[in-house]
Amino acid sequence: MNDLDLVRLLGAEVPITDDLARLQARSRLRTLIDRETRVGTARSTERRRRRRASTLFTAAAALMLVAVFAVLPRGADYATADELFSDLSSVAERGSADPESTGEFFYTKSERATEQGEGAGSILVEGVREIWIARDGSGRIRDQSGDEVFQPGELPFIDTDNLPADADALLRMLRGGEVFGGAPPSDVDLLADIGSLLAETHPRPELRASLLDAAGRIPGVELVGDRTDAAGRAGIAVASADPTRRIELIFDPESAALLERSAVRAGDGEGQPDRLEYRITYEESGVVETVDERPVVP
Amino acid sequence: MPEPAGSTDADLIGASLEEPRLFETVFERHYDAIRRYLHRRVGRETGDDLAAETFAQAFTTRRRYDVSRHDARPWLYGIASNLLRHELRSERAQFAAYARQAGTLEAIVEPRFEEHADIARIVPHVANALRGLQPRDRDVLLLIGWADLTYAEVAVALGIPEGTVGSRFNRARRQVREALEPLAAIQGWRVSWMETSEGES
């Protein structure tokens, strides 16, 4: 007998006698299975219904499509990511400053799926996150793991008022790691950083336009095309990838708002598939007076 | 649901993307072992919750499963290990409970190891030794000692190189031995590896 044998003895006598927990675990799994099966069936039914409708109303649909696409920008309207960013920048520049921007707290609500842990068994934690953050680093975070209020200096506030509205200067600062601190980011991470600034801070319109211009100048950013985010909203996506990782941003072309930011770690090409690292779907943002308020949705 | 004959876990997980109910067979194959492991780590109540959560997570993230790996155990134990990281307090409580239960072990230990009657008195102290390990070292030691995973399987489960598995495993064992040997000297325990050598590495 050695030390490992002793370890093996610990707890080995504990019998599993009740089946209730097993039934409950199986029941929970079946609920997930049933939900997925229902969604799959609903999608099939919807596809069949759409095919029938499509056959009957082809001409009408074609006319509608022409009308809609004449008004709304689509991925196919752009040849490169740079063209898209140029249009988004123009839209952002025309945006007005938030009339409530005198409030103290910047509020963002997002739905998140985040990989936690390492190895084959890394898990995906999903939930809604609300954050209120003030210039002094105080605020509140409310998500699936709790609801916590922070004192001044405890949250990392990024003061976008100090960032230049010149795209080249902005890009230099971001590349130098001067905005987020830490090591200079790769081009792929640079796109994610710009996404974060666009959606998780409250940049003035000219800075928002400049951030979009800067994104268009990052080498390797490609136009993906039309995409729907996890909340079901249609948008246009761009992406940047290296051999290990891919960052994708989905924008609403009408408002230039960032709808979703996600990162996928590349598989090994030998069976290990690509893995979602995180997906952040931005739902709401604004400026409020206290950590108990939410922006008024118009 | 009848188990598809000859199907590997990877076959079932891959096919469950089209036919979700097939995943129930993966549950039936592995639930008891995962649950038993989690019971030993964090106790019955939390272990039951984590076992259910392990299979819920496995089902919802199964698109990420590497179908070149036929056996799903490393994946499932990896999920369980990641969930355990949020339950360090429950784990400490469970090891404290082991440390208090010397008497209950004697009945099962002595008939199996008659020549080492002291073992039942030592095992609870093993709990204290395990409690003192770094969580990442404890994960490796218990995935091998309790879940019977190989070095290669632990490497997959935890996403670390096999060499790191080996070094963490050896460090954990050394720390367990170092925690027990002074006690053995004081209490006069008789266990072969203590008497004959400095133990295996």
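1. Helices (H or I, at least four residues) and strands (E, at least two) are DSSP runs, numbered from the N terminus.

2. Before going on, a word on the source: this is a predicted model, in which local features need pLDDT of at least 70 and side-chain atom pairs count only at pLDDT 80 or more, while totals for chains, interfaces and linings use all residues. Residues are numbered from 1 along each chain as its sequence is written, and chains are lettered from A and ligands numbered from 1 in the order in which they are written.

3. Back to H7(A), residues 205-216. Its end C-alpha atoms are 17 Å apart, which agrees with the 16 Å that 12 residues should span at 1.5 Å a residue; the expected span is 1.5 Å times one less than the number of residues. Among the buried residues are Leu207(A), Arg208(A), Leu211(A) and Asp213(A). The buried residues of H7(A) pack against helices H4 (81-94), H5 (167-175) and H6 (187-200) of chain A.

4. The axes of H4(A) and H7(A) come within 8 Å and cross at roughly 175°, with axes being lines fitted to C-alpha atoms over the stretch in contact and angles running from 0 to 180 degrees between N-to-C directions. That makes H4(A) roughly antiparallel to H7(A), a label for angles over 145 degrees. Residues meeting here include Phe85(A) and Leu88(A) in H4(A), and Ala209(A) and Leu212(A) in H7(A); two residues are in contact if their C-beta atoms, placed from the backbone, lie within 7 Å. The contact divides into 8 nonpolar, 3 polar and 5 charged residues. Ala, Val, Leu, Ile, Met, Phe, Trp, Tyr, Cys and Pro count as nonpolar, Asp, Glu, Lys and Arg as charged, and the others, Gly among them, as polar.

5. Chain A has 7 helices and 9 strands, and 29% of its 298 residues count as buried. Chain B has 11 helices and 0 strands, with buried residues making up 46% of its 201 residues. For contacts with a separation of 6 or more, residues 24 or more positions apart account for 52% in chain A and 63% in chain B.

6. Within chain B, helix H2 (residues 23-42) and helix H3 (residues 44-60) pack at about 145°, with their axes 8 Å apart. H2(B) passes H3(B) in a right-handed crossing, meaning that the near helix is turned clockwise from the far one by less than a right angle. Their contact has 10 nonpolar, 4 polar and 4 charged residues.

7. Another pair in chain B is H8 (residues 135-145) and H9 (residues 151-158), packed at an angle of about 130° with axes 10 Å apart. The crossing of H8(B) and H9(B) is right-handed. Val140(B) and Leu143(B) of H8(B) and Val154(B) of H9(B) are among the residues making the contact, which has 6 nonpolar, no polar and 1 charged residues.

8. Finally, the interface: 62 residues of chain B are in contact with 38 residues of chain A. On the chain B side, the largest share, 10 residues, comes from helix H4 (residues 73-84) of chain B. That side divides into 35 nonpolar, 13 polar and 14 charged residues.

Notes: A residue is buried if 20 or more other C-beta atoms lie within 10 Å of its own, exposed if 12 or fewer, and partly exposed in between; C-beta atoms are placed from the backbone. Angles under 35 degrees count as roughly parallel, over 145 as roughly antiparallel, 65 to 115 as roughly perpendicular and the rest as oblique.
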